[in-house]
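Student: I would like to go through the pockets of this protein. Please show me the model.

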Amino acid sequence: MSKGEATRQAVLDRAAATASRIGLAGLTIGSLAADTGMSKSGLFAHFQSKESLQTQVLAYARELFSDQVVRPALAAPRGKARVRALFEHWVATGKEGGAGCLFVSASAEYDDQPGPIRDQLVRDHLDFADSVAQMFRTGISEGQFRPDADPDQFAHDLHGVMLGFFHAHRLLAESVAEARTRRAFENLLAAAK
């Protein structure tokens, strides 16, 4: 990796952390320059515009989320173990304030704002829902879930459970947030058996 690419990666890491805290809409080249101590012109050379910066931060967060949640789940055995690994890694990122938090906050920011950022968020969410549904489908083919179980409904319900977790853990700071989330997840699995 070149020095310029290493700098760009370090800036994206900082930008993703900042966007998780202040929101993607609040992330600008100027605010990032102040946060990193770099010049605006130096950052402009990397990103060219606020929209480009935000798009690249989303792409960076997507890769980070894949590295933290999706890829480790895919390394687990097919079926229920894989779905459980996905859940465990997703909970861990929620507790740490990782890339998953950025997607939750950005979704709330951009849900009714047409444009390229919203379009990318929609694609990212749909792709992830498809991945979850496919992991669940393998559980059906392995005989670990009911043959008539609906993988898309499972993906939807699991997403709802995780949104509840982010809300209860991050916003409300409920001490029982994780325990309730684990119970809800186990109920989803039990309903699919």
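Student: Which element gives the most to the lining of the largest pocket?

Tutor: The model is predicted: local features need pLDDT of at least 70, side-chain atom pairs count only at 80 or more, and totals for chains, interfaces and linings use all residues. Residues are numbered from 1 along each chain as its sequence is written, and side-chain values use heavy atoms, without hydrogens and water. Helices are DSSP runs (H or I, at least four residues), numbered from the N terminus. With 8 residues in the lining, the top giver is α7.

Student: How much space lies in the largest pocket?

Tutor: On a 1 Å grid over the protein atoms alone, a pocket is an open set of points where a 1.4 Å probe fits, with protein on both sides within 12 Å along at least five of seven lines; lining residues have an atom within 4 Å of a point. Points join across faces, edges and corners, and the volume is the space filled by probe spheres set on them. For the largest pocket that is about 510 Å³.

Student: Which residues are closest to the centre of the largest pocket?

Tutor: The lining has 24 residues. Closest to the centre are Asp 124, His 125, Phe 128, Ala 129 and His 159.

Student: Which element gives the largest share of the lining of the second largest pocket?

Tutor: This pocket holds about 150 Å³ of space. Its lining includes Ser 20, Cys 101 and Phe 166. Both α6 and α8 give two or more residues. The largest share, 4 residues, comes from α8.
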